[in-house]
Amino acid sequence: MRDVREWTAFLMRWVKRRRDPVVVQTLRSAAAATVAYVIALRLSPEAAPLTAPLTALLVVQVTLYATLTNGIRRVNAVVTGVLVAIAFSLLVGLTWWSLGLLILAALAVGRLVRVDEYVPEVAISAMLVLGVTTVGDTAWARVLETLIGAVVGLACNLLLAPPVWVDEAGESIEGLARRVRQLMLSMGEEAAGRTPVERATERLYEARRLDHDIVEVDGALKQAEDSLRLNPRVKEGLLHRVVLRTGLDTLEICTVVLRVLARTLTDLAKERESEPLFAPQAGAAVEQLLSEIADAVVSFAVLVTTDVTLSAESAEERLASQLRQASATRDKLAQLLLEEVQRDVRQWQLHGAVLTEVNRILDELDTEHRSRRLLEELDRTSREQRERMPRLTRVQERLRRSRRPALARRPR
């Protein structure tokens with residue numbers, strides 16, 4: 001019985017891992033390189049045509065979009081390097097000074113033909129071809145192997161759809177939201193009492209370090225956006241990209257405002273070292289408000305990364321409820337701060353700044369604001385796509401018109 005449970009647990013872990021994009025990508029890369037090598041053995045005159053599996057391994061990138069773009073640039077880089085090597089072999093042999101000139105010329109030509117990150121590949125191809133005895137045969141063999149590797153890599157992505165990295169991007173966005181929540185909770189707890197300047201400064205540094213988290217999440221989101229382009233498994237790639245991108249933009253704005261809020265509390269701690277930052281009731285309201293906003297930030301991230309309709313509706317309702325509660329607490333805090341300013345006008349600018357920064361975060365998280373931003377971004381992206389590819393847009397419009405019922409096309 002124990003063996004059966006262990007075997008079942010192993011199968012469940014294996015099924016879960018085989019759906020992992022990292023595992024899928026590793027298997028696809030290994031398969032593409034092996035198939036390219038087998039084909040090159042039959043077509044290339046080389047005894048060990050390793051250029052073909054190397055090209056396939058580099059061409060089979062994370063996404064189909066990247067495979068298309070990288071495959072074209074890599075083939076261009078290799079062919080350019082081979083042509084440069086053939087030109088040098090006709091003029092000079094392989095010496096230390098000709099090698100230096102070859103590398104210099106290959107790198108310069110690589111910049112001219114715009115192969116981007118494959119500029120070193122031009123020089124590498126040229127050196128490998130120039131370093132052999134039979135330059136002509138090896139040159140064209142290398143071109144053939146490169147073409148085989150590129151075609152196999154592209155065919156692998158067409159036949160075996162690459163993984164979609166949306167879930168990983170969603171996890172990154174939710175992780176960022178939870179880090180923002182934890183920082184807000186800490187700031188709220190400290191704002192309710194007497195906060196030393198050193199501790200307030202530490203919170204300011206934590207808020208500034210969120211910029212590095214934004215960069216990491218942006219990288220994960222770019223990978224997810226590329227995985228949605230030209231992917232046959234995705235029906236509404238544009239909508240997914242826009243939803244995730246606008247969600248990250250909103251969280252980025254919230255982190256910027258949170259950094260300003262941390263700076264305001266730090267300045268307030270410097271001015272009121274011997275006393276609490278706020279009166280007892282106002283301090284408790286600040287703590288409660290930041291706690292409610294922190295929960296709303298996480299709910300917003302869940303809403304952005306949820307693609308199931310029912311789950312999205314429940315997440316939106318939860319977010320709207322949390323924002324209503326936070327707005328009520330905000331109004332209560334505004335009244336308390338007004339009463340405190342009337343009793344003591346010191347640092348009234350900083351107290352007002354706290355209220356202003358909180359309002360900005362609430363405005364960014366507002367569901368109506370998000371809907372307007374989403375529609376605007378969809379319109380902008382669609383307009384740019386039509387302007388960039390007018391012919392493809394006209395073909396799509398003709399296909400849509402052809403699918404309409406015949407009755408709808410009849411003149412009234």
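This is a predicted model: local features need pLDDT of at least 70, side-chain atom pairs count only at pLDDT 80 or more; totals for chains, interfaces and linings use all residues.

Trainee: What describes two packed helices?

Mentor: In general, a packed pair is described by the angle between the two axes and by the distance between those axes. Here, helix α11, residues 280-305, packs with helix α13, residues 348-365, at an angle of about 25 degrees, and their axes lie 11 Å apart. Angles under 35 degrees count as roughly parallel, and α11 and α13 are therefore roughly parallel to each other. The crossing of α11 and α13 is left-handed.

Trainee: Which residues of α11 and α13 make the contact?

Mentor: From α11 come Leu289, Ile293, Ala296, Val297 and Phe300, while α13 brings Val358, Ile361, Leu362 and Leu365. Sorted by class, the residues of this contact are nine nonpolar, with no polar and no charged ones.

Trainee: Turning to the cavities, how many of 30 Å³ or more does a search of the whole structure find?

Mentor: The search finds two cavities of that size. The largest cavity has a volume of about 80 Å³, and its lining includes Met187, Glu190, Thr195, Arg203 and Leu277. The elements that each give two or more residues to this lining are α8 (166-191), α9 (197-228) and α10 (237-271). By class, the lining of the largest cavity holds six nonpolar, two polar and two charged residues.

Trainee: And what lines the second largest cavity?

Mentor: The second largest cavity, with about 30 Å³ of space, is lined by Val243, Thr246, Gly247, Thr250, Phe300, Val304, Arg370 and Arg373. Two or more of these residues come from each of α10, α11 and α14 (367-388), and the largest share, four residues, comes from α10. The lining of the second largest cavity divides into three nonpolar, three polar and two charged residues.

Conventions. Residues are numbered from 1 along each chain as its sequence is written. Side-chain values use heavy atoms; hydrogens and water are left out. Axes are lines fitted to C-alpha atoms, for helices over the stretch in contact, and angles run from 0 to 180 degrees between N-to-C directions. Angles under 35 degrees count as roughly parallel, over 145 as roughly antiparallel, 65 to 115 as roughly perpendicular and the rest as oblique. A crossing is left-handed if the near helix is turned anticlockwise from the far one by less than a right angle, and right-handed if clockwise. Contact means heavy atoms within 4.5 Å. Ala, Val, Leu, Ile, Met, Phe, Trp, Tyr, Cys and Pro count as nonpolar, Asp, Glu, Lys and Arg as charged, and the others, Gly among them, as polar. On a 1 Å grid over the protein atoms alone, a cavity is a set of points where a 1.4 Å probe fits but cannot get out, and a pocket is an open set with protein on both sides within 12 Å along at least five of seven lines; lining residues have an atom within 4 Å of a point. Grid points are joined across faces, edges and corners, and a volume is the space filled by probe spheres set on the points.
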